[in-house]
Amino acid sequence: MKLIKLLPIMAIASVCVAGQVHAAQDPLMMPEQPAAPLTAEQQDISLAVPSEEVKAVVSEFAAFQLGMSNALIQDDNRVMSGQQRYTNNVLYYMNVRRSWYITSHRYKKDSYARIALDRLYLDYKEFFTNHTTVSDMNKAEYENQILAILEKNTANMSNDELRFYMNEMVIYSLKEAMRDGNNRVRRIR
């Protein structure tokens with residue numbers, strides 16, 4: 001009689017333990033593993049990076065940058081052009097989105113996702129620090145370089161969740177930078 005009463009409790013306990021074991025194997029929470037190039041089959045079924053939306057937003061941002069004057073703006077003892085201000089805002093919003101993913105998912109410092117998101121951010125930080133302005137002559141190259149950074153960081157990545165996050169980091173940061181004329185965003189260092 002006592003065994004019959006314990007069976008449902010034991011069944012629930014075993015399901016909970018099995019669920020915890022599976023949850024602990026989230027590949028984005030685990031340390032980064034050496035990545036192999038994607039197979040043709042994996043490329044066919046993986047999320048497209050950069051997505052068509054990313055390409056459209058990058059093109060829109062480059063056109064937006066061309067429309068910005070390069071008149072110097074002085075604020076808080078710093079001088080920057082209109083285009084520099086918006087590339088600075090891109091980095092600010094990219095850092096906001098990266099931090100949000102890390103905090104909301106509670107990624108540890110050595111987790112695969114955090115390392116990948118940090119690497120993407122640092123690549124964009126280097127690019128936008130060195131390429132603060134765009135001209136008619138280099139607009140296409142500017143767009144291609146922005147997309148190439150995303151492609152490089154996702155080339156061997158088979159996790160669609162992380163591929164999606166990276167697409168969204170770029171989309172969010174570029175859209176918010178164009179929307180935000182805030183010249184008080186602190187310079188990214």
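**Note on the predicted model**

1. Ser51 sits in the loop between α2 (40-45) and α3 (52-67); helices here are DSSP runs of H or I with at least four residues, numbered from the N terminus. The model is predicted, so local features need pLDDT of at least 70 and side-chain atom pairs count only at pLDDT 80 or more, while totals for chains, interfaces and linings use all residues. Residues are numbered from 1 along each chain as its sequence is written, and side-chain values use heavy atoms, leaving out hydrogens and water.

2. With a relative accessible area of 16%, Ser51 is buried (buried means under 20%, exposed over 50%, partly exposed in between, with a 1.4 Å probe and protein chains only). Not counting residues up to four places away in sequence, Ser51 touches Asn167 and Ile171; contact means heavy atoms within 4.5 Å.

3. Helix α6 (residues 139-154) has 16 residues, which at 1.5 Å a residue should span 22 Å; its end C-alpha atoms are 23 Å apart, in agreement. The expected span is 1.5 Å times one less than the number of residues.

4. Which residues of α6 are buried? They are Tyr142, Glu143, Ile146, Leu147, Ile149, Leu150, Asn153 and Thr154. They lie on the same side of α6 because they cover an arc of only 140 degrees around the axis, taken from the directions from the helix axis to the C-beta atoms. The face turned away from this buried side carries the exposed residues Ala140, Asn144 and Lys152.

5. Leu6 belongs to helix α1 (residues 2-23). Its relative accessibility is 42%, so Leu6 counts as partly exposed.

Methods:
Helix = DSSP H or I, 4+ residues; strand = E, 2+ residues; numbered from the N terminus.
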